[in-house]
Amino acid sequence: GAGAAGTQAAGGRTVISALESRNELAKKLIGQNYDAARATGGRSASLDPRAFTTQANNLLDDALLGGKLPSDVRNLLNKAAKGKMPLTVDVAEQFKTRIGELQRSTIDMAERKALGMVRQALDDTPLLPGQQMGQQSIDAFNNARKINRSWMQIVEKTPALQAVRDGIEPDKFVQQFITGGGAKANIADVRALRASIKSNPEAMTAVKGQITAHLKSKALSGAADEVGGISQSAYNKALNGIGDEKLAIFFTKPELDQLKAIGRVASYEQFQPVGSAVNNSNTAGT
């Protein structure tokens with residue numbers, strides 16, 4: 001399939017398009033669930049602010065992490081304790097979103113843990129008496145967050161998908177996330193990539209074509225078909241560089257056997273048996 005693979009940029013665009021489609025479907029599903037949660041009638045129901053602040057402070061004090069809490073979160077806790085901030089279901093969801101943003105942006109593990117304790121206290125906070133209608137909204141928001149969290153876990157385990165979300169040049173995609181030997185093209189991450197595009201035959205074909213095109217380019221040292229001479233050592237080095245496990249993610253066993261056979265045949269064609277006295281100088285006639 002190397003001859004029909006097209007350029008790296010074209011192959012990259014095909015795979016990126018498949019990943020973008022999956023990301024858009026996930027975003028649509030998450031958005032629909034959040035819209036459904038916002039449409040519930042219990043968003044204005046009140047939670048117990050005293051129960052929230054008491055549990056949050058107890059958790060932080062027991063872990064000696066009170067000083068690690070960001071000032072804006074500490075201010076929100078104080079406002080809730082003093083009744084200056086109505087702790088409705090809607091406000092609590094906004095608070096959770098802010099906590100999540102802060103957790104993702106910090107590299108301080110103690111700060112992240114402190115924020116998690118406030119989030120735990122918020123999740124455990126009961127509704128005030130007579131506010132049972134708010135449970136429908138809480139359940140709906142929890143379901144939306146669960147779906148979003150599941151998708152983000154997939155993104156985190158799939159560097160190629162994260163790169164597409166961040167924006168990446170198509171011509172660099174295949175080398176960085178499939179054929180390369182860097183950290184982003186390890187076996188686990190390549191498996192995660194395949195899981196994200198396996199339902200798209202065009203993308204799967206593009207990946208296989210780009211792998212074989214990579215092998216061909218290495219074997220011919222980048223030369224055109226008409227003038228290139230195959231280097232068995234370069235081909236086999238490139239094949240081994242990708243590795244059987246990674247190749248098996250996209251190729252069937254017969255296909256993988258054929259790729260290996262090409263390398264063996266090339267080696268046999270170019271090997272000169274000991275004592276064969278091959279006339280490399282073409283002087284035998286003379």
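Predicted model: local features only at pLDDT ≥ 70, side-chain atom pairs only at ≥ 80, totals over all residues.
Trainee: How many aromatic pairs does the structure hold?

Mentor: There are two aromatic pairs.

Trainee: What makes Phe-52 and Phe-95 a pair, and why is it called edge-to-face?

Mentor: Their centres are 5.9 Å apart, and the cut-off for a pair is within 6.5 Å. The planes stand at 85 degrees, and planes over 60 degrees apart count as edge-to-face, so the name applies.

Trainee: Which parts does the pair of Phe-52 and Phe-95 tie together?

Mentor: Phe-52 belongs to helix 2 (residues 49-62) and Phe-95 to helix 4 (residues 89-105), so the pair ties together parts 43 residues apart in sequence. Both Phe-52 and Phe-95 are buried, a term that requires under 20% relative accessible area.

Trainee: Why is the pair of Phe-173 and Phe-177 called tilted?

Mentor: The ring centres of Phe-173 and Phe-177 lie 5.2 Å apart, with 40 degrees between the planes. Stacked needs under 30 degrees and edge-to-face over 60, so 40 degrees is tilted. Phe-173 and Phe-177 sit in helix 8 (residues 170-179), four residues apart, about one turn of the helix. Both are buried.

Trainee: What lines the largest pocket?

Mentor: The largest pocket holds about 590 Å³ of space and has 15 lining residues; nearest its centre lie Gly-100, Arg-104, Asn-148, Arg-149 and Met-152. Helix 4 and helix 6 (134-156) are the elements that give two or more residues to this lining.

Trainee: How do the residues of this lining divide into nonpolar, polar and charged?

Mentor: Two are nonpolar, six polar and seven charged.

Definitions and conventions. Residues numbered from 1 in each chain as written. Heavy atoms only, no water. Phe/Tyr/Trp six-rings, centres within 6.5 Å; stacked < 30°, edge-to-face > 60°. Buried < 20%, exposed > 50% of the residue type's maximum accessible area, 1.4 Å probe, protein only. 1 Å grid on protein atoms, 1.4 Å probe; cavity = no way out; pocket = protein on both sides within 12 Å on 5 of 7 lines; lining within 4 Å. Points joined across faces, edges and corners; volume = space filled by probe spheres on them. Nonpolar A, V, L, I, M, F, W, Y, C, P; charged D, E, K, R; others polar.
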